[in-house]
Amino acid sequence: MIITFGSINVDFVYEVEDMPQPGQTLLAKRFRTEAGGKGANQALAAARDGAEVVMVGAVGQDGLAEIGLQNLKAATDISRVASLGEPTGNASIHIDARGRNMIVVAAGANLAVSSNCVEEDLLQRANVVLMQMENDVAEVEKLIRRTHASKAISILNLAPAFPLSEEVLSLCDLIVVNEDEAGALAGWLGCDASAEALSVRLGTGVLRTLGGDGAEACAFGEYVRIAAMPVDVKDTTAAGDCFVGVLAAGLDCGLPLKAAMRRASIAAALTCSRKGSQSSIPERRVTDSVENRCN
């Protein structure tokens, strides 16, 4: 079982030809509203890949709450999602003709979530605790410490990049970063941005995603490098979250690190080939089919 302590947002998605520049007004080619948030996306990706997932988070008492929860309700346990007085988190997402994205997030209720919502009995039943950085940093730190004292694997997706103490970071079993986040982390630590250098510096596992160049990890006593699956990119918005969620699902069911990374990479590539946030995240059977063809 996976506990996901994370954000729940509603995404306002604008498809544009080019990214807006300062002072510029653009007409979007298309607009849509979707459920999103790093925590919710990763929880849904893990659940669609077959994992039992408990979502811990918060929404507001507003019209956006139902949109934010619509996919999670069908796939995860949302009994620990609080309804609070703050507005439901939301994000403005611009996607250009090349599939690149630019995102601005308003955290809202996500910053009011307490790690105490992960009760001790639940924590002791979990195989994996998955966290990101769109919640209150102090609450994330508390849960990292509690998970370190349990048997569960703690995975921290350091996104968005925000400085945590070396001591707290070293308590995580696996830190997942993209290239930009790895660069920020390396700058704080004063080391190279490779997964190996970051892992040695922190004394814990680090996985760095490399976009079209795949991913590398130095974790659980081994170094792993995988290639990305070639794909016609339509939208990269949920790709990173899909990778992390499917990776967590793989580790939850006992896959070796390399196999979990390969499966996560395939699922992320499938996500890139579709438009949408949570709507682009593949079901297990689809990932299975592509993985079987790749083997």
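**Figure 1. Glu 166, partly exposed with a relative accessible area of 36%, and its partner Arg 201.** The model shown is predicted: local features require pLDDT of at least 70 and side-chain atom pairs pLDDT 80 or more, whereas totals for chains, interfaces and linings use all residues. Residues are numbered from 1 along each chain as its sequence is written, and side-chain values use heavy atoms, with hydrogens and water left out. For relative accessible area, buried means under 20%, exposed means over 50%, and partly exposed lies in between (1.4 Å probe, protein chains only). Arg 201 is likewise partly exposed, with a relative accessible area of 36%. Glu 166 and Arg 201 form a salt bridge whose closest N and O atoms are 2.8 Å apart. Glu 166 belongs to helix 5 (residues 166-169) and Arg 201 to helix 7 (residues 195-202), so the pair ties together parts that are 35 residues apart in sequence. A salt bridge requires a side-chain nitrogen of Lys or Arg within 4 Å of a carboxyl oxygen of Asp or Glu; by this rule the count comes to 22. Helices (H or I, at least four residues) and strands (E, at least two) are DSSP runs numbered from the N terminus.

**Figure 2. The salt bridge between Arg 263 and Asp 288.** The closest N and O atoms of Arg 263 and Asp 288 lie 2.8 Å apart. The pair links distant parts of the chain, with Arg 263 in helix 9 (residues 257-272) and Asp 288 in helix 10 (residues 284-294), 25 residues apart. Arg 263 counts as buried at 6% relative accessibility, while Asp 288 counts as partly exposed at 24%. Elsewhere, salt bridges that share partners join Glu 15, Arg 30, Arg 32, Glu 34, Asp 235 and Lys 275 into one network.

Figure 3. Glu 66 is partly exposed, with a relative accessible area of 48%, and Lys 73 is partly exposed, with 43%. Ile 78 is placed in strand 5.

**Figure 4. Thr 88 in the loop between strand 5 (77-84) and strand 6 (89-95).** Thr 88 counts as buried, at 1% relative accessibility. The side chain of Thr 88 makes a polar contact of 2.7 Å with the side chain of Asp 62. A polar atom of the Thr 88 side chain also lies 2.9 Å from the backbone nitrogen of Gly 60. A polar contact is a pair of N or O atoms within 3.5 Å; within protein, one atom must be able to donate a hydrogen and the other to accept it, and residues adjacent in sequence count only if both atoms are side-chain atoms. Not counting residues up to four places away in sequence, Thr 88 touches several residues, including Ile 8, Val 10, Val 59 and Leu 64.

**Figure 5. Asp 11 in strand 2 (residues 9-15).** Asp 11 is buried yet has no salt bridge, the nearest side chain of opposite charge being that of Arg 32, 8.0 Å away. Lys and Arg count as positive and Asp and Glu as negative, with His and the chain ends not counted. The side chain of Asp 11 makes a polar contact with that of Ser 277 (3.1 Å). Beyond residues up to four places away in sequence, Asp 11 touches, among others, Thr 33, Glu 34, Ala 91 and Ile 93.

**Figure 6. The aromatic cluster of Phe 12, Tyr 14 and Phe 31, linked by ring pairs.** Rings of Phe, Tyr and Trp (its six-membered ring) pair if their centres lie within 6.5 Å; planes under 30 degrees apart count as stacked, over 60 as edge-to-face and the rest as tilted. Two aromatic pairs are found in the whole structure. The ring centres of Phe 12 and Phe 31 are 6.5 Å apart and their planes lie at 10 degrees, so this pair is stacked. The pair links distant parts of the chain, Phe 12 in strand 2 and Phe 31 in strand 3 (residues 30-36), 19 residues apart. Tyr 14 and Phe 31 form a tilted pair, 5.0 Å centre to centre with 45 degrees between the planes.

Notes:
Contact means heavy atoms within 4.5 Å.
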